[in-house]
Amino acid sequence: MITAIPMNDDRVANHFTKANCLVFLDERGIEINRVDNPALAEGCAGKQKMVDLLAEQQVDRIVVRNIGEQMLGKLLARQFAVYQTNCGRRSAHELVDPIASGLLQLHQASQGRQSLNHEAKAKSGGCGCHHPEGEHSDACCHTANSPRQEMAPSQRNQMRRQDCGCHGQGRGRCCQS
């Protein structure tokens, strides 16, 4: 049985899709693989690549601290068992046995955090970057023909944050210059 845990250094990441890497452990708690999180650098498609990576690694269960309801719904639909911990300082080895660790199993997407930007994302075609419907690219918010290219870099960055729903929160990874 393989367990995946989103990690930042030696701690469970605060948010599933914003983890620096995913650590894969066998049933004894021994690390079998560590992979950089594809959701950090892939724009609109990164989260799907993250889900695909979990399937490729033959993950049975995932341990998270916080996860959005959309991503939780995708994981549950793919038959992953998802457990929530309330402490990021536990070792990955401790989290391999969810019952002994007292983890909460998540069964419904509504148990995830509601996205503040989901409604805006849905109206704009899915990623929140206001691309014309069906014209998403891997370089979200970075189109070559954009009139923003004529703006000062600080103005472009502010516009990118607004377009993709970042609003200056978190690490801003969806709008890196």
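**A strand and its surroundings**

Author: Happy to. Let us begin with β3: Cys21, Val23 and Leu25 point one way from this strand, Leu22 and Phe24 point the other way, and all are buried. Do keep in mind that this is a predicted model.

Reader: Thanks! How many of the residues of strand β3 are buried?

Author: Strand β3 covers residues 21-25, and it is largely enclosed by the rest of the structure because of its buried residues. Both sets of side chains, those pointing one way and those pointing the other, are buried. The count is five of the five.

Reader: Which residue stands opposite cysteine 21?

Author: Strand β1 (residues 3-8) runs antiparallel to β3, and five bridges join the two. Cysteine 21 belongs to β3, and the residue opposite is methionine 7.

Reader: And what is the bridge partner of leucine 25 in β4?

Author: Strand β4 (residues 31-36) pairs with β3 in the antiparallel sense, over five bridges. Leucine 25 has its bridge partner in β4, and that is glutamate 31.

Reader: Which residue takes a positive phi in the hairpin of β3 and β4?

Author: Five residues lie between the two strands of this hairpin. One of the residues there has a phi near 90°, and that is glycine 29.

Reader: Let us turn to salt bridges. Is aspartate 26 buried or exposed?

Author: Aspartate 26 forms a salt bridge with arginine 28, with the closest N and O atoms 2.8 Å apart. Arginine 28 is exposed, at a relative accessible area of 55%. Aspartate 26 has 7% relative accessibility, and the limit is under 20%, so aspartate 26 counts as buried.

Reader: Finally, how many residues apart are arginine 78 and aspartate 52?

Author: These two form a salt bridge, with the closest N and O atoms 3.4 Å apart. The pair links distant parts of the chain: arginine 78 sits in the loop between α2 (69-77) and β6 (81-84), while aspartate 52 is in helix α1 (residues 46-56). Arginine 78 is partly exposed at 37%, and aspartate 52 is partly exposed at 28%.

How values were computed: Residues are numbered from 1 along each chain as its sequence is written. This is a predicted model: local features need pLDDT of at least 70, side-chain atom pairs count only at pLDDT 80 or more; totals for chains, interfaces and linings use all residues. Side-chain values use heavy atoms; hydrogens and water are left out. Buried means under 20% relative accessible area, exposed over 50%, partly exposed in between (1.4 Å probe, protein chains only). Helices (H or I, at least four residues) and strands (E, at least two) are DSSP runs, numbered from the N terminus. Two strands pair if DSSP finds at least two bridges between them. A salt bridge is a side-chain nitrogen of Lys or Arg within 4 Å of a carboxyl oxygen of Asp or Glu.
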